[in-house]
Amino acid sequence: MPSPLILVNLKTYKEGMGNRAHQIATAAQLVARESGTTIGIAPNFIDLHPLCHHFTIPVYAQHVDGSEPGAHTGQINADAIKFAGATGSLVNHSERRLTLADIEASVRALQAHKLIAIVCTNNDITSAAASALSPEYVAIEPPELIGSGVSVSKANPEIIRKSVAAVHAINPKIKVLTGAGIQSGECVKIAVDLGTDGVLLASSVVKSADPAAVLRDLVSKL
Ligand code: G3P
């Protein structure tokens, strides 16, 4: 069994920028080495390049546009994140929703650059739709629980179960993550026991005074 992925989205939290992004990456790399678990981070675009160069853990972009290099001011394309050293990108996060056509373009652009596509969804129906685009991962996050401190694993295990089934009915090779309110080893264990390949989380790690302690707890029941 490959190790589950624990992916920490730093969003645009002040506590996840600049030096603090480096501190969280340091904690993630330490706990990944101690535990043998794969722990990745998704910093803002400004921090992407330095983190890729200073750390060996997987570093993901929070968004990518499907556009080709050229005259597209303000866009961030797959070439740019590949040059920066990223492992892949989130696509269609609840806080950065895209049209279906845009999601497809982003997934294709990532895959053309051998980058990993993690398409975020909000329920089992959109999880099935995202699976038709054959990303490497689908990440189901009920928006109402994001940042709430209430874990999807405990509040809505049914949405995880249904999403895993919906994704695997389309393509059993696609991996499934879940997120929203994930904060403990117990939340991670429930998610993995329900058939996911890991979790996507933010506030419990980013806002903690001791990110390494939270990460150690997150991986403690794997
Ligand atoms: O991308 C992860 C995220 O949306 C979940 O956020 O703060 O509920 O862990 P949080």
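Predicted model: local features only at pLDDT ≥ 70, side-chain atom pairs only at ≥ 80, totals over all residues.
- Ser-134 isn't a glycine, yet its phi is positive, at about 55°.
- Is Ser-134 buried, partly exposed or exposed? Ser-134 comes out as partly exposed, because its relative accessible area is 36%, which falls between the 20% and 50% cut-offs.
- Lys-114 also has a positive phi of about 55° without being a glycine.
- You'll find Lys-114 in the loop between helix H4 (100-112) and strand E5 (116-121).
- Lys-114 counts as exposed because its relative accessible area is 72%, and the cut-off for exposed is over 50%.

**The cysteines**

- How many disulfides are there? To count, two cysteine sulfur atoms have to be within 2.5 Å, and by this rule the count is 0.
- Take Cys-120: it's in no disulfide, and the nearest cysteine sulfur, that of Cys-52, is 18 Å away.
- For Cys-187, the closest cysteine sulfur is in Cys-120, and it is 18 Å away, so that's too far for a bond.
- Cys-120 has 1% relative accessibility, so it counts as buried.
- Cys-187 is buried too, with a relative accessibility of 1%.

**The nonpolar cores**

- As background, nonpolar side chains in soluble globular proteins tend to be buried together.
- The largest nonpolar core here has 64 residues, and the ones touching the most other members are Ile-81 and Leu-215.
- Which helix gives this core its largest share? That's helix H1 (residues 18-35), with 7 residues.
- Leaving out residues up to four places away in sequence, Leu-215 touches Val-8, Ala-27, Ala-28, Val-31, Ile-39 and Val-205.
- There's also a second, separate core of 11 residues, and among them are Leu-7, Ala-42, Tyr-60 and Ile-118.

- The largest pocket has a volume of about 250 Å³.
- It's lined by 14 residues, and Pro-2, Ser-3, Pro-4, Lys-175 and Asp-197 are the closest to its centre.
- Sort that lining by class and you get 9 nonpolar, 3 polar and 2 charged residues.
- The second largest pocket has a volume of about 220 Å³.
- Its lining is made up of Asn-9, Lys-11, Thr-12, Pro-43, Asn-44, Phe-45, Gln-62, His-63, His-93, Glu-95 and Arg-96.
- How does the lining of the second largest pocket divide by class? This one has 2 nonpolar, 6 polar and 3 charged residues.

**A pair far apart in sequence**

- Glu-34 sits in helix H1.
- With 47% relative accessibility, Glu-34 counts as partly exposed, since that value doesn't pass the 50% cut-off for exposed.
- Glu-34 and Arg-216 are 182 residues apart in sequence, but in space they are 8.9 Å apart, C-alpha to C-alpha.

How values were computed
Residues numbered from 1 in each chain as written. Heavy atoms only, no water. Helix = DSSP H or I, 4+ residues; strand = E, 2+ residues; numbered from the N terminus. Buried < 20%, exposed > 50% of the residue type's maximum accessible area, 1.4 Å probe, protein only. Core = buried A, V, L, I, M, F, W, Y, C linked by side-chain atoms within 4.5 Å. Contact = heavy atoms within 4.5 Å. 1 Å grid on protein atoms, 1.4 Å probe; cavity = no way out; pocket = protein on both sides within 12 Å on 5 of 7 lines; lining within 4 Å. Points joined across faces, edges and corners; volume = space filled by probe spheres on them. Nonpolar A, V, L, I, M, F, W, Y, C, P; charged D, E, K, R; others polar.
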